[in-house]
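Good morning. Please have the sequence and the model open while I talk.

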Amino acid sequence: MTFASNILDSIGNTPLQELRNIDTGPCRLFAKLEYHNPGGSIKDRIALSMVQTAERDGLIQPGGTLIEATAGNTGLGLALVAAQKGYKLLIVIPDKMSQEKVFHLQAMGAEVLMTRSDVVKGHPEYYQDYAARIAQETPNAFYVNQFANPANVQAHVEGTGPEIWQQMEHNIDAFVCGVGTGGTLTGVGSYLKKMSEKTQVILADPEGSVLADYVNEGVMREAGSWQVEGIGEDFIPDICDLSLVDRAYSISDQLSFATGRELLAREGIFVGSSSGTILAAALHYCRSQTECKRVVAIIPDSGNKYISKMYNDHWMLDQGFIERKHYGDLRDLISRLHRKHETVVATPDETLIAAQTRMKMHDISQLPVLQDDHICGIIDESDILLAVNDHPEHFRDPVSKYMTKKLDVVVHTAPIKQLLQTFAKDHVAIVMHGDEFLGIITRSDLLNYLRRKIS
Ligand code: PMP
């Protein structure tokens, strides 16, 4: 029998897969699939290494509290390790991180504190400064501090690096990764460069991060913002050795998400947003070569935490990451076109409870009511509330009894300012083309439309 006797024994030894269905120029490109780790990401490796090292150095006592600032994945790795070893865990995360990551952390037993994502290092509410402060104020606590903890790098020097070296049969021309803490880059990069003179380290950096410009031009620009999660920085982390980097590519959010989606479509590999950035940089590198290079790209985590974002067409459209057809009229503001069967609707004969369940599921507060594809009303949360407030049994009544029949209809060629009159009455605009219902426009659709115009 071959089996693991503890979940922590399953960390590491992840598969390497060649990408055969994507154009890699003259090169061979291999993906190191780190989402095969039990906590779902590359960060399980460093969680185990940082806790084991702290135990060895007497920095954690039994029953103590681990405290960390993390975008999520290190938190999940630490939760796995903390639960197995009997420590409490407190995680501080910036509020731009996906809900899925937060729920996952809480489900694994961590306490999660949310802090601002719009402040930079040095601000008391910056997630790392905040975590460090709480650690000082909490008795018997250990601030894990992945950004400055050498055991982070060590996990990759002893684990990830040697695995890649073996899997590539001691022949690798380039290694591509991103930098969150720089642990992967510094650990794997230094190991591979020690083993092989020819191996180059390629940095994949989101547009807005300061690292790529620093590597390529030696200048520290002011940081912008980006939506890819887990990589890109507004400072250079203590453990990150950028002198290992031979070349850096700056990759837009749009290209990162598109590349991640392409990897799923072509290779069946379901990856997170940082993998999209890393793969896009790897493909730039591969396609610019003139001879066959053997290239490894790290895949830090899987796509399941990002389903409601980069794998959701509506989110991608709202953010302007997917090109939409341009009509030059109000149809450009409709986020779900009825003609394409995208609208979420109610029928007059279904119950209020069914309508409200659908609103909750899609995170919307009103539904157009359609009978034989013709709009006959609109039902929103206030209509339902008025109906059931004194009579909860009305939840079982049909939508037709409480829906608003007086509709605020606009033709698709109407000017945008006509929408404002509708919104001023707290209504949504129902866009029609003759008899045909095209879709609805809400305040947030108009805001999204205006936002897309500036980007
Ligand atoms: N991708 C994801 C999804 C991550 O969570 C992280 C860690 N923040 C990284 C990449 C970067 O890894 P490292 O911290 O080793 O630079």
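I start with a definition: a residue is near a molecule or strand if its C-beta atom, placed from the backbone, lies within 6 Å of it. This is a predicted model, in which local features need pLDDT of at least 70, side-chain atom pairs count only at pLDDT 80 or more, and totals for chains, interfaces and linings use all residues. Residues are numbered from 1 along each chain as its sequence is written.

Now the ligand. There are 18 residues around the ligand, and Gly180, Thr184, Gly230, Ser274 and Pro300 come nearest. By type, the shell has five nonpolar, ten polar and three charged residues. Here Ala, Val, Leu, Ile, Met, Phe, Trp, Tyr, Cys and Pro count as nonpolar, Asp, Glu, Lys and Arg as charged, and the others, Gly among them, as polar. Helix 6 (residues 183–195) gives the largest share of the shell, three residues. Helices (H or I, at least four residues) and strands (E, at least two) are DSSP runs, numbered from the N terminus.

Next, a loop. Aspartate 372 lies between strand 11 (366–371) and strand 12 (374–380). Its phi is near 50 degrees, a positive value in a residue other than glycine. Aspartate 373 is found in the loop between strand 11 and strand 12 too, with a positive phi of about 70 degrees.

Are these residues buried or exposed? Aspartate 372 is exposed, with 6 other C-beta atoms within 10 Å, and aspartate 373 is exposed, with 10. The cut-offs, with C-beta atoms placed from the backbone, are 20 or more others within 10 Å for buried, 12 or fewer for exposed, and partly exposed in between.
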